[in-house]
Amino acid sequence: MRFIVGLLSLICTAALADTIAIKAGAIVDPVSGSEARDQTVIIEDGIIHAVGRGLQIPQGARVVDLSGEWLVPGLIDAHNHLTLGMRYEARQPYPDPAVYITESTAHRALRGLHNAQIMLDAGFTTIRDPGYEGDYALVDVRRAIAEGFFGGPTIISGGKVIAPFGGNARHIPPERGPFWDYEYIDADSPDEVRRAVRRNLYYGATVIKLVAEADHEPGQVDYYYSVGEVRAAVEEAHRSGIAVAVHVMGGPAAQAAIDAGVDSIEHGFELTDAQLSQMKAKGIFLCGTDFPREQLVGWLDEKGAAVTSTQIIDRLRRAHKIGVRMAFGTDIWYEFPGRTRPELAFDFLAVWRSAGIGPADILRAMTSDAAELLRVNHERGRIIPGLVADIAALPTDPLNDIEALRRIDFVMQNGKIIRAR
Ligand SMILES: [Zn+2]
């Protein structure tokens, strides 16, 4: 009897196994920066089972013909604020207390889901949203996607941003109280930082985000975290297998983050060569959010945007030359008239090109390297056997011209076809 039950379950499993064979013109491997022509990818139940030339296609497999296309691993945006939609044309700043007054967490969750879906459709199969999601809006988005109510990318989210008193909220009068707690947790000692990390983990954050410096006027740092405070976050998060991302521009606050051994520096526009070298030595990623000048104009004037843009390209060029590991991240928190969020994200490619970075290195920052920072590299970031089938396809070679990523016309995520040609 046991044998018959075993046999039946074997037959059922075989019948239920969902097998897809993709015939690919070429597969690009971001780790080696090379491509293999005329490949077949066999996917079983969402997992890449085999990759190679002339593989036999299993009987009953669904065949997807992408023989005129280049396959790349699903893209990753390691810094995108999905629940935010500041009005660019109104130069609406962020954090903006009006958001908390006028938008419920439910509304922000719905916007987050919408943005996550359009990013996925464009080829971004994994997105990290490092904080600013109200009362953990993305935890519910992630849950609804996992429950199968909606499609959406893999989302890593930071919950509330942990910061020294007041964070980057500006001009809140004392009688309003700590009004910024809609986005921040005030934490002003190692013990308070530890407690804030635990609170975020409890409510479902999957990355810990610190703002290490409180600047209450643009460009003016009033106070910042000590090494001990950042280290408390690192110890507490790492114990739970979670990475720590730190928003910081440069100076002593960046030095404290580097010394404390964080996983990534976000922005870091003012990092020195010495600091970048230390990051390289320690394996700390730079997620540079390297804004195109046209998008900086939204909250800086023309002159300020030009200065910051030059600074960003210079820092990106130096980081690449020094060999700091980098993850592609955009920081998009705004709606831009006439442009979609994925179009805005692809506009960042021009900045990387301006810094003299070649297509293979850019693609690596958007796939395998970003996957490592997000701690999903054991299952995502490459098209190799054993990993989850997160795949995008496009009609021209991205190693010739990285802008070809704008033309992605096929997207598979978790082995499911999201967008077919
Ligand atoms: Zn950000």
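Hi everyone, let's start with a pair of strands. Strand β7, residues 124–129, is joined to β8 by four bridges, and the two run parallel. If you want one spot to look at, take Thr126: its bridge partner in β8 is Thr154. Please keep in mind that what we have here is a predicted model.

On to another sheet. This one is open too, with seven strands in the order β3-β2-β1-β4-β18-β19-β20, and its pairing is mixed. Why do β3 and β20 each have a side without a neighbour in the sheet? β3 (47–52) and β20 (416–419) stand at the edges with a single partner strand each, so one side of each is left without a neighbour there. On average, neighbouring strands of this sheet are turned by 35° against each other, if you ignore direction.

In α7, residues 251–260, the buried ones are Ala253, Ala254, Ala256, Ala257, Ile258 and Ala260. What covers them? The cover includes the strands β12 (213–217), β13 (220–224), β14 (244–248) and β15 (264–267), along with the helices α6 (227–239) and α8 (273–282). Just after α7 comes Gly261, which takes a positive phi of about 75°.

Let's step back to the domains. The domain assignment gives domain 1 as 2–73 + 382–419, and domain 2 as 75–346. Taken over C-alpha atoms, the centres of domain 1 and domain 2 are separated by 33 Å. How many residues are in contact between them? Nine residues of domain 1 are in contact with 10 residues of domain 2. On the side of domain 1 that touches domain 2, β19 and β20 each supply at least two residues. By type, the residues on that side of domain 1 divide into five nonpolar, one polar and three charged.

Finally, the protein as a whole. It has 14 helices and 20 strands. Its radius of gyration is 22 Å, close to the 22 Å that the globule rule gives for 421 residues, so the protein is as compact as a globular protein of that length. Along its principal axes, the C-alpha trace spans about 70 × 55 × 40 Å. Of the 421 residues, 49% are buried. And if you take the contacts with a separation of 6 or more, 70% of them are between residues 24 or more positions apart.

Notes
Residues numbered from 1 in each chain as written. Predicted model: local features only at pLDDT ≥ 70, side-chain atom pairs only at ≥ 80, totals over all residues. Pairing = 2+ DSSP bridges. Axes fitted to C-alpha atoms, helices over the stretch in contact; angles between N-to-C directions. Buried ≥ 20, exposed ≤ 12 C-beta atoms within 10 Å, placed from the backbone. Contact = placed C-beta atoms within 7 Å. Domains from an automatic or database assignment. Nonpolar A, V, L, I, M, F, W, Y, C, P; charged D, E, K, R; others polar. Rg over C-alpha atoms; globule rule 2.2 N^0.38 Å.
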